[in-house]
Amino acid sequence: MKKTIAVLPGDGVGPEVTKEAVKVLKKVAEKFNHEFELKEERIGAIAIDQTGKPLPKATLKLCKSSDAILLGAVGDPKHDNPSLLIRPEQGLLKLRKSLELYANIRPIISFTGVSNPIFKPGFSQNIDFVIVRELTGGSYFGKPRGRKDNGQTAFETNIYSKEEIIRVTKVAFDLAKKRNKKVTLVDKANVLETSKLWREVVGEYVKDFPDIILEYMYADSAALNIIKKPKEFDVILTDNMFGDILSDEAAALTGSIGLLPSASIGKQVSLYEPIHGSFPKAKGTYTANPIATILSGALMLEYSFNLIEESRAVFIAVKKVLSEGLGTKDIQPANPLQTNTIGDKIVEFI
Ligand code: IPM
Ligand code: MN
């Protein structure tokens with residue numbers, strides 16, 4: 001199989017972790033006889049510094065003409081002032097909107113060999129659920145937005161159409177069909193009009209799937225239950241803002257946000273990136289965990305290229321590394337290995 005992959009390393013530890021994921025993809029290509037053509041472009045702070053724009057035209061062009069996109073992270077302290085007009089995050093948001101990456105899949109999985117000191121021993125084992133977050137709608141993009149009253153009042157528009165809800169619902173149900181057949185719709189239908197529409201649309205949609213259990217949960221209650229009873233979730237379906245907040249919370253369950261990948265499904269091309277950010281403090285130290293990005297590559301193999309066996313090979317290699325007690329500082333503080341050493345180990349196990 002021949003595929004073109006756009007690689008956007010971005011900022012902070014982005015380039016370090018992306019490098020390892022690229023190594024792993026190249027190994028998969030070699031072992032399974034595929035040809036992956038990898039082309040790199042700029043996004044985020046590095047793009048602002050070099051071109052003045054967080055998402056240069058050349059980057060968008062490359063993404064549009066590729067079969068899939070691998071992204072590291074965006075964000076840099078130098079640009080981290082919310083009042084700045086040009087910010088690294090705009091690059092990512094513009095990319096999501098331009099490519100209509102409407103469904104963000106965030107698997108929350110725990111791994112044997114990774115302990116989580118926040119919780120009682122064993123609590124974090126066997127956690128396995130997925131958050132499906134709507135990614136191009138809601139208050140992130142709704143118009144009008146801005147300031148009035150001489151800047152003394154600020155507002156956003158939280159807006160969803162039936163069509164936007166249905167397409168992300170389909171992604172969640174397709175996942176649930178292959179999993180434990182339970183979807184939890186997370187919203188604030190006791191307060192928000194958009195949430196009421198979500199309930200109407202999803203409640204209608206489920207009628208065609210008698211074997212899927214649909215459960216409704218308010219977002220505040222979901223925040224509580226993700227910590228109290230994480231094993232009761234299978235697929236969480238939610239809007240852009242709730243999904244952003246709850247997925248960071250859920251990531252804390254598994255021991256390190258540095259382990260969790262994500263897939264953003266688009267109409268034509270999809271994007272794969274770790275859940276974590278650019279972690280600027282660790283930049284250049286080769287201490288960041290590359291596994292979230294490596295597993296994002298595995299999701300790419302499965303969702304964009306339908307290379308199931310190849311994707312599984314990456315997951316198995318990652319599990320083996322972790323079960324042997326190997327890891328970067330976030331998960332093995334007493335005996336940490338470097339970013340590139342973990343990448344090499346995974347390549348070796350593949
Ligand atoms: C994420 C991030 C982004 C978001 C930021 C960087 C704009 O937190 O992907 O979860 O809020 O969506
Ligand atoms: Mn986030």
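Predicted model: local features only at pLDDT ≥ 70, side-chain atom pairs only at ≥ 80, totals over all residues.

Analyst: Residues are numbered from 1 along each chain as its sequence is written, and side-chain values use heavy atoms, with hydrogens and water left out.

User: Why is α1 called oblique to α10?

Analyst: Helix α1 (residues 14–32) and helix α10 (residues 308–323) pack at about 130°, with axes 11 Å apart. Angles under 35 degrees count as roughly parallel, over 145 as roughly antiparallel, 65 to 115 as roughly perpendicular and the rest as oblique. Therefore α1 is oblique to α10.

User: Which residues of α1 and α10 meet?

Analyst: Val 24, Val 28 and Phe 32 of α1 meet Glu 309, Glu 310, Ala 313 and Val 314 of α10 (contact means heavy atoms within 4.5 Å). By class, this contact of α1 with α10 has five nonpolar, no polar and two charged residues. Ala, Val, Leu, Ile, Met, Phe, Trp, Tyr, Cys and Pro count as nonpolar, Asp, Glu, Lys and Arg as charged, and the others, Gly among them, as polar.

User: What volume does the largest pocket have, and which residues are closest to its centre?

Analyst: The volume of the largest pocket is about 750 Å³. Ile 109, Asp 128, Arg 179, Glu 302 and Phe 315 are the closest to its centre, out of 24 residues that line it.

User: Which element gives the largest share of that pocket's lining?

Analyst: Helix α10 does, with seven residues.

Methods
Chains lettered and ligands numbered in written order. Axes fitted to C-alpha atoms, helices over the stretch in contact; angles between N-to-C directions. Helix = DSSP H or I, 4+ residues; strand = E, 2+ residues; numbered from the N terminus. 1 Å grid on protein atoms, 1.4 Å probe; cavity = no way out; pocket = protein on both sides within 12 Å on 5 of 7 lines; lining within 4 Å. Points joined across faces, edges and corners; volume = space filled by probe spheres on them.
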